[in-house]
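Dear colleague,

Please find below the structure that I said I would pass on, followed by my notes on what turned up in it.

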Amino acid sequence: MKQTLTIRIPDNLRDELQKISNLEAKPVSDLVRESILRYVAIYRFRQLRKIVLPFAEAQGFLTDDDVFKSIS
C-alpha cells in the first residue's frame with residue numbers, strides 16, 4: 001500500500017531535485033523515494049553493525065581487511 005507524505009524543503013533543494021529529475025528523466029518523487037530507501041538501508045546497516053561489532057572485535061576482526069583476509 002502506498003501512502004502520501006508531505007514534506008517542506010527549501011526552494012534551493014527543490015530546484016536541485018528538479019534539475020536532477022530532468023537529467024535522469026525520473027520524477028522527483030522517485031528520486032526522493034530512492035533516497036529515503038537508501039537512508040533507511042544505511043541506518044539499518046549501522047544499527048546492525050553496532051550490535052555485531054563487539055562480537056567481531058572479540059574474534060579479532062578489527063578492520064575490513066581482517067574480514068577480507070579471513071574469507072579469501
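Setting aside the neighbours within four places in sequence, Ser21 is in contact (heavy atoms within 4.5 Å) with Lys26, Pro27, Val28 and Leu31. Ser21 belongs to helix 1, where helices are DSSP runs of H or I with at least four residues, numbered from the N terminus. At 7% relative accessibility Ser21 counts as buried, on a scale where buried means under 20% relative accessible area, exposed over 50%, and partly exposed in between, computed with a 1.4 Å probe on protein chains only.

Please keep in mind that this is a predicted model, in which local features need pLDDT of at least 70 and side-chain atom pairs count only at pLDDT 80 or more, while totals for chains, interfaces and linings use all residues. Residues are numbered from 1 along each chain as its sequence is written, and side-chain values use heavy atoms, with hydrogens and water left out.

Helix 1 has 14 residues and spans 20 Å from its first C-alpha to its last, close to the expected 20 Å, the expectation being 1.5 Å times one less than the number of residues. After helix 1 comes Ala25, with a positive phi near 55°, although Ala25 is not a glycine. Most residues other than glycine have a negative phi. Ala25 sits in the loop between helix 1 (11–24) and helix 2 (28–58), and with 69% relative accessibility it counts as exposed.

The structure holds three salt bridges, each defined as a side-chain nitrogen of Lys or Arg within 4 Å of a carboxyl oxygen of Asp or Glu. One of them joins Glu16 to Lys19, with the closest N and O atoms 3.7 Å apart; both residues lie in helix 1, three residues apart, which is about one turn of the helix, and Glu16 is partly exposed at 41%. Asp30 and Arg33 meet in a salt bridge at 2.6 Å, N to O, and this pair also lies three residues apart, in helix 2. Asp30 is partly exposed at 27%, as is Arg33 at 41%. Glu34 pairs with Lys26, the closest N and O atoms being 3.1 Å apart, and here Glu34 is partly exposed at 31% and Lys26 at 30%.

Turning to the pockets, I used a 1 Å grid over the protein atoms alone, on which a pocket is an open set of points where a 1.4 Å probe fits, with protein on both sides within 12 Å along at least five of seven lines, and lining residues have an atom within 4 Å of a point. Grid points are joined across faces, edges and corners, and a volume is the space filled by probe spheres set on the points.

The largest pocket has a volume of about 370 Å³ and is lined by 14 residues, of which Leu5, Ser29, Val32, Arg33 and Ile36 lie nearest its centre. Helix 2 gives the most to this lining, with six residues. The lining divides into eight nonpolar, three polar and three charged residues, where Ala, Val, Leu, Ile, Met, Phe, Trp, Tyr, Cys and Pro count as nonpolar, Asp, Glu, Lys and Arg as charged, and the others, Gly among them, as polar.

The second largest pocket holds about 270 Å³ of space, and its lining includes Phe45, Leu48, Phe61 and Val67. Val67 lies in helix 3 (residues 64–71) and is partly exposed at 36%.

With best wishes

Methods
Helices (H or I, at least four residues) and strands (E, at least two) are DSSP runs, numbered from the N terminus.
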